[in-house]
Structures are given as C-alpha cells and as structure tokens.
Amino acid sequence: MEYYNYIKSLHLIFVVTWFAGLFYIPRLFVYQIEAFHKPSPDKEILGTQLKLMAKRLWNIITWPSAILATIFAVWLLVLQPVWLEQPWMHVKLLFVLLLIIYQLKTHQFYKQLQKDDVRKSSNFMRLWNEGATFILFAIVFLVILKSAINWVFGVMGIFVLGVLLMLGFKIYKNIRSKNPNA
C-alpha cells in the first residue's frame with residue numbers, strides 16, 4: 001500500500017479545490033443578481049462577464065474537483081474498508097451526502113442564473129454561501145477527532161460560528177445601506 005498516501009493526498013487536493021469552487025460560486029451569484037438589477041449597459045456587460053466566470057469556475061474547477069475527490073475517496077475506502085465499520089465515518093458520509101445535495105441545489109441556481117432567471121435575492125445567496133462552510137467544519141472535526149460523539153462539540157462550534165456570521169451579515173447589511181460603496 002505504498003501508493004495509499006498518494007491517493008489520500010490527491011483526495012485532499014481535490015476536496016480543497018472542490019470547496020474553493022463551492023465557496024466562490026455563490027459570491028459570483030451575488031454579483032450576478034446585483035448586476036441583473038443595474039441599468040443598461042452595466043447590466044449586460046457585467047452579466048455577460050459574471051456568467052462566463054461562473055461557467056468556467058463551475059465546469060472547469062468545481063464539478064471536476066467534486067468528481068475526482070469522490071473517486072479518490074471511494075478508492076481510499078476500498079483500500080481501508082475497516083473505516084466503514086466506524087461510527088464517525090457514517091456521520092462523515094452523511095455530511096458528504098449533504099455536501100452533494102448542496103452542490104446539486106447550487107447547480108440549479110447556476111443553471112437559472114445562466115439563463116438570466118433570477119429567483120433569489122443577493123441576500124439569500126450571501127446566506128447560501130455559508131452552507132459549504134458549515135459542512136466543511138463538521139467534516140474536518142469528524143476526520144480529526146474520529147469520534148461520532150465528539151463531533152457534536154464541533155457542530156456546536158459551527159452553530160456559534162453561524163450566529164456570529166449572521167450578526168456579521170446584519171452589521172455588513174446595515175453598513176451597506178448607509179454606504180452603498182462599502
């Protein structure tokens with residue numbers, strides 16, 4: 001199993017790039033939605049550029065990274081099937097399933113915005129942007145602690161982080177309402 005650490009390294013690299021895409025795409029959605037409500041020609045110029053940026057990020061980085069991270073994860077589980085007997089791994093796989101659902105829902109938003117079909121507000125997308133962060137926290141705590149129980153403390157930390165993010169979001173919204181250039 002000399003190659004095990006190479007497979008693990010590739011899995012981690014593609015997890016990082018997958019999350020990078022999931023962190024950035026909702027920000028592009030925020031900008032697309034805000035550009036959609038601008039007057040011409042700003043609306044068309046910004047909209048075209050942001051759609052192109054989203055298309056490249058989503059199709060060249062995020063989806064390939066998700067697929068490769070999954071392939072290498074399955075390969076690791078084939079090499080170490082004992083992990084599937086451990087409760088922490090069951091919980092981790094549940095969070096990975098949530099991550100996949102998050103990506104599929106994000107893909108729906110992507111397809112809508114590529115057609116200039118704006119159904120959500122930029123504020124909604126700012127909140128949506130935090131979904132991947134919560135999942136990442138849970139997965140990292142599970143992998144590091146390797147405990148199906150101790151991850152609860154990590155999730156409580158995520159909840160506290162969520163409360164702090166919401167407070168930060170409200171403060172930022174108030175600042176932006178007073179100064180639109182902030």
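Figure 1. The chain holds 1 cavity of 30 Å³ or more; a cavity is a set of points, on a 1 Å grid over the protein atoms alone, where a 1.4 Å probe fits but cannot get out. The volume of the largest cavity is about 40 Å³, where a volume is the space filled by probe spheres set on the grid points, which are joined across faces, edges and corners. Its lining consists of Ile33, Phe109, Gln112, Leu113, Asp117, Val118, Arg119, Lys120 and Met125, lining residues being those with an atom within 4 Å of a point. Helix α3 (residues 87-114) contributes the most to this lining, with 3 residues. The model is predicted, and local features need pLDDT of at least 70, side-chain atom pairs count only at pLDDT 80 or more, and totals for chains, interfaces and linings use all residues. Residues are numbered from 1 along each chain as its sequence is written, and side-chain values use heavy atoms, with hydrogens and water left out.

Figure 2. A pocket is an open set of grid points with protein on both sides within 12 Å along at least five of seven lines. Of its 26 lining residues, His11, Val15, Ala73, Lys92 and Val143 lie nearest the centre. Helices α1 (4-36), α2 (42-79), α3 and α5 (131-145) each provide at least two lining residues, and α1 gives the most, with 7 residues.

Figure 3. Arginine 126 belongs to helix α4 (residues 122-128). With a relative accessible area of 7%, arginine 126 is buried; buried means under 20% relative accessible area, exposed over 50%, and partly exposed in between (1.4 Å probe, protein chains only). Leaving aside residues up to four places away in sequence, arginine 126 touches Arg27, Val30, Glu34, Phe169, Tyr172 and Arg176, a contact being heavy atoms within 4.5 Å.

**Figure 4. Backbone features in two loops.** Aspartate 116 occupies the loop between α3 and α4. The phi angle of aspartate 116 is near 60°, a positive value in a residue other than glycine. Aspartate 116 counts as partly exposed, at 40% relative accessibility.

**Figure 5. Leucine 104 in helix α3.** Leucine 104 is a residue of helix α3 and is partly exposed, at 46% relative accessibility. From leucine 104 to lysine 170 the separation is 66 residues in sequence and 28 Å in space, C-alpha to C-alpha.

**Figure 6. The setting of the close-up views in the whole chain.** The chain contains 6 helices and 0 strands; helices (H or I, at least four residues) and strands (E, at least two) are DSSP runs, numbered from the N terminus. The C-alpha trace spans about 60 × 35 × 25 Å along its principal axes. Of the 182 residues, 35% are buried. Among contacts between residues at least 6 apart in sequence, 81% join residues at least 24 apart. There are 19 positive and 8 negative side chains, and the centres of the two sets lie 5 Å apart. Lys and Arg count as positive and Asp and Glu as negative, with His and the chain ends not counted; each charge is placed at NZ of Lys, CZ of Arg, CG of Asp or CD of Glu.
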